[in-house]
Amino acid sequence: MSAIVSVKDLGKSYVGGFTALTAVNLEIEKGEILALLGPNGAGKTTLISAICGIVVPTAGQVLVGGHDVVTDYRRARSLVGLVPQEINLEPFETVNNTVRFSRGLFGKPRDDAYLDQILKDLSLYDKRDSKIMMLSGGMKRRVLIAKALSHEPRVLFLDEPTAGVDVELRKDMWDVVAKLKASGVTIILTTHYIEEAEAIADRVGVINKGTILLVEQKSALMQRMGKKQLRIDLAKPIDTVPSSLNKHSLELAEDGQALIYNYDTKGERTGITALLNDLQAAKIAMVDMETQQSSLEDIFVDLVREPS
């Protein structure tokens, strides 16, 4: 697949010396869903703003569909739809007029059927003649999404689109995202709901302190960095792990009722057989065992954790 967004050595510094982005390189492929994860202040919004032409980079280059976002701004921006974090809408305007005006800004011909379908997909059609000021916060966020889609973009940025909204909107939005992906639209998502990224993303990028730590296929990332955990429930609680079991690096549950063993599924040996033998030798009785695979959230936390 070819890249529709190409970010090369992108940097952004502000007066006063603060550096928001440092030498960011990123290739985003046509038709993929890329989840961009990072803690608050990591540079996610600055990176999106630079790609969308809202923030002017101080170094590097961004191409969207082959068009430079600085020197060929109009063509690059026409390919991009952005759903920002902040709700900034004209309160006295109607939903219908808001969405149609947004389409007109990009010089698109009138297409009532297309816009009506967007409103229906986002459960906004019944509110099309309502003024923005009369809508709930969740409904206003739906209008932002409709505005971003109004000019038929080929790249859609969703910057924390479901933060603080109801479950119904989240479901509606992911249904729309699935339809857009099927039609070939590229989607870049930032979210604090990492389970959403795990559910829908093709690739995952992690950014921290203005630097991209990795960009990788979600499945490959979870296979490479994911670990399995074995929980051993005990017949009787214990106060400490016996010294004879120290070689297994076990963790004791807070209530002393279980032992936790982490192991790598790709290793030649998991060490579970030896552990069970040593537990028997230490006369520790078990009542149950269960395994659990680490999630994308576990991997993310490990990647951005500050060294102690």
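Q: Is Phe92 buried or exposed?

A: Begin with the ground rules: this is a predicted model, in which local features need pLDDT of at least 70 and side-chain atom pairs count only at pLDDT 80 or more, while totals for chains, interfaces and linings use all residues. Residues are numbered from 1 along each chain as its sequence is written, and side-chain values use heavy atoms, with hydrogens and water left out. Buried means under 20% relative accessible area, exposed over 50%, and partly exposed in between (1.4 Å probe, protein chains only). Phe92 has a relative accessible area of 55%, so Phe92 is exposed. Phe92 sits in the loop between β6 (80-83) and α3 (95-105); helices (H or I, at least four residues) and strands (E, at least two) are DSSP runs, numbered from the N terminus.

Q: What is the strand order in the open sheet of four strands?

A: Strands of a sheet pair through backbone hydrogen bonds, either parallel or antiparallel. Two strands count as paired if DSSP finds at least two bridges between them. In this sheet the order is β2-β1-β4-β5, with antiparallel pairing. β2 (19-29) and β5 (67-68) are the edge strands, each pairing on one side only. Seven bridges connect β1 (residues 3-13) and β2 in the antiparallel sense, and Ser13 has Thr19 in β2 as its bridge partner.

Q: Which strand runs parallel to β6?

A: Strand β7 (residues 155-159) runs parallel to β6, joined to it by four bridges.

Q: Which residues have the most contacts inside the largest nonpolar core?

A: In soluble globular proteins, nonpolar side chains tend to be buried together. A nonpolar core is a set of buried Ala, Val, Leu, Ile, Met, Phe, Trp, Tyr and Cys residues joined through side-chain atoms within 4.5 Å. The largest core has 39 residues, and Leu156, Leu158 and Ile187 have the most contacts inside it. Helix α5 (residues 137-149) gives the largest share of this core, seven residues. Apart from it lies another core of 28 residues, including Val7, Leu21, Ala50 and Ala76.

Q: What does Leu156 touch?

A: Contact means heavy atoms within 4.5 Å. Not counting residues up to four places away in sequence, Leu156 touches, among others, Gly81, Leu82, Val83, Ala148, Leu149 and Ile187. Across the chain, among contacts between residues at least 6 apart in sequence, 69% join residues at least 24 apart.

Q: How many salt bridges does a search of the whole structure find?

A: A salt bridge is a side-chain nitrogen of Lys or Arg within 4 Å of a carboxyl oxygen of Asp or Glu. The search finds nine. In one of them, Arg203 pairs with Glu32, the closest N and O atoms being 2.7 Å apart. This pair links distant parts of the chain: Arg203 is in strand β9 (residues 203-208) and Glu32 in the loop between β2 and β3 (33-37), 171 residues apart. Arg203 counts as buried because its relative accessibility is 11%, and Glu32 is buried with a relative accessible area of 3%.

Q: Which residues are linked in a network of salt bridges?

A: The network links Arg100, Arg110, Asp112 and Asp116. Within it, the closest N and O atoms of Arg100 and Asp112 are 3.5 Å apart. Arg100 lies in helix α3 and Asp112 in helix α4, twelve residues apart.
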